[in-house]
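Subject: Structure for your files

Hello,

Here is the structure I said I would pass on. My notes on it follow below.

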Amino acid sequence: MAPLLDHKIGDAMLSSLPWRSKSNLLTCSLLLLIYLTAQPTLAKPSSLKEITDGNWEDILAGEWMIEFFAPWCPACQQLQPEWNEFADLGEDMGVNIAKVDVTEQPGLSGRFVITSLPTIYHCKDGVFRRYQGARTKDDFLSFIDEKKWQGIEPVSSWFGPSSFMMNTMSALFKLSMFIRRCHNYLIEQLGIPVWGSYVIFGLATLFSGLVLGLILVFIADFVFPSRRFNSPNYYQKKQTMEQARLIQQLEEEQEADGEEDDDEDDEDGEQDNVWRRRTASPKGSPEEVLRKRVVGIREDQDEEDS
């Protein structure tokens, strides 16, 4: 009863309005209807997804086509309209269309080893293949519809984006970008000359290398300690070996002193022999010479007497 009464009251109020007011009301209602109808189309979100270092693992599930680009790349700018149109149709085909800005995501650039721009990858359930065909919307659609990606050899698991090697490569690219930003900050914001920035980075590299080396040594000693230090008799054996070494050293010194004494005796004997050789005549000693002379004189006297 109440809704019927409200409807009658509304009709009565509308009939009481002048003709021009009715016309304006009808125009406003028509414009409102057109706006509400067009609003979902205008507010439709873009089908092109953006991949970053934080959400790149999403592409490991489902089917994806990913474009790696840079804003300053002319070829990338030329491809962008075709890629956007392809992205609008990708949702109907069950394919996720994405893009990666390598200037903002250096880690992904290293993870996928991007050496030229633009680079396009096809991914199906974590298996990656590099797209090498023509770069038009129709070619992209044909590549997906006809499953031409099955004829392309997939990327080896060693070089896959989720492998240990590519994780390391991604970290190196991130580190290089961090160093570059620090360099730009030093020379642009702080006014440090370029050579000064290089000196700072050189000293930082040297210091970090020394610290890392010490840490590795400590870890190695902790994980793999030397067995000789763990032995309970190590210090006792060490003391015994030290005493034996000292005793051996003393014996060697005594042997050396004895050899010096023998050498001195030998030298004295050699000097006596030399003196004897010098004083001795070629016919014998002086006593023998004198005795021979006396005998000779006596023999001469005996001959004279006889």
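Helices (H or I, at least four residues) and strands (E, at least two) are DSSP runs, numbered from the N terminus. Angles below are taken between axes, which are lines fitted to C-alpha atoms, for helices over the stretch in contact, and run from 0 to 180 degrees between N-to-C directions. Contact means heavy atoms within 4.5 Å.

This is a predicted model, in which local features need pLDDT of at least 70 and side-chain atom pairs count only at pLDDT 80 or more, while totals for chains, interfaces and linings use all residues. Residues are numbered from 1 along each chain as its sequence is written, and side-chain values use heavy atoms, with hydrogens and water left out.

The sheet. Five strands form an open sheet in the order β1-β3-β2-β4-β5, with mixed pairing; two strands pair if DSSP finds at least two bridges between them. At the edges are β1 (49-50) and β5 (127-130), each pairing on one side only. β5 is antiparallel to β4, over 4 bridges, and F128 in β5 stands opposite C123.

α5 lies across β2 and β4, at about 145 degrees to β2. α3 lies across β2, β3 and β4, and runs at about 160 degrees to β2. Just after α5, K147 has a positive phi of about 55 degrees.

The cores. A nonpolar core here is a set of buried Ala, Val, Leu, Ile, Met, Phe, Trp, Tyr and Cys residues joined through side-chain atoms within 4.5 Å. The largest has 19 residues, and I51, I59, W64, I66, F68, L108 and F112 have the most contacts inside it. β2 (63-69), β3 and β4 (119-124) each supply at least two of its residues, and β2 gives the most, with 4. Another core, of 15 residues, lies apart from it and includes M65, I97, Y131 and W149.

Q105 sits in the loop between β3 (96-101) and α4 (106-111) and is buried, at a relative accessible area of 13%. Its side chain reaches the backbone nitrogen of D53 at 3.1 Å. Beyond its neighbours within four places in sequence, Q105 is in contact with I51, T52, D53 and V100.

Regards

Terms used. Buried < 20%, exposed > 50% of the residue type's maximum accessible area, 1.4 Å probe, protein only. Polar contact = N/O pair within 3.5 Å; in protein donor to acceptor, adjacent residues only side chain to side chain.
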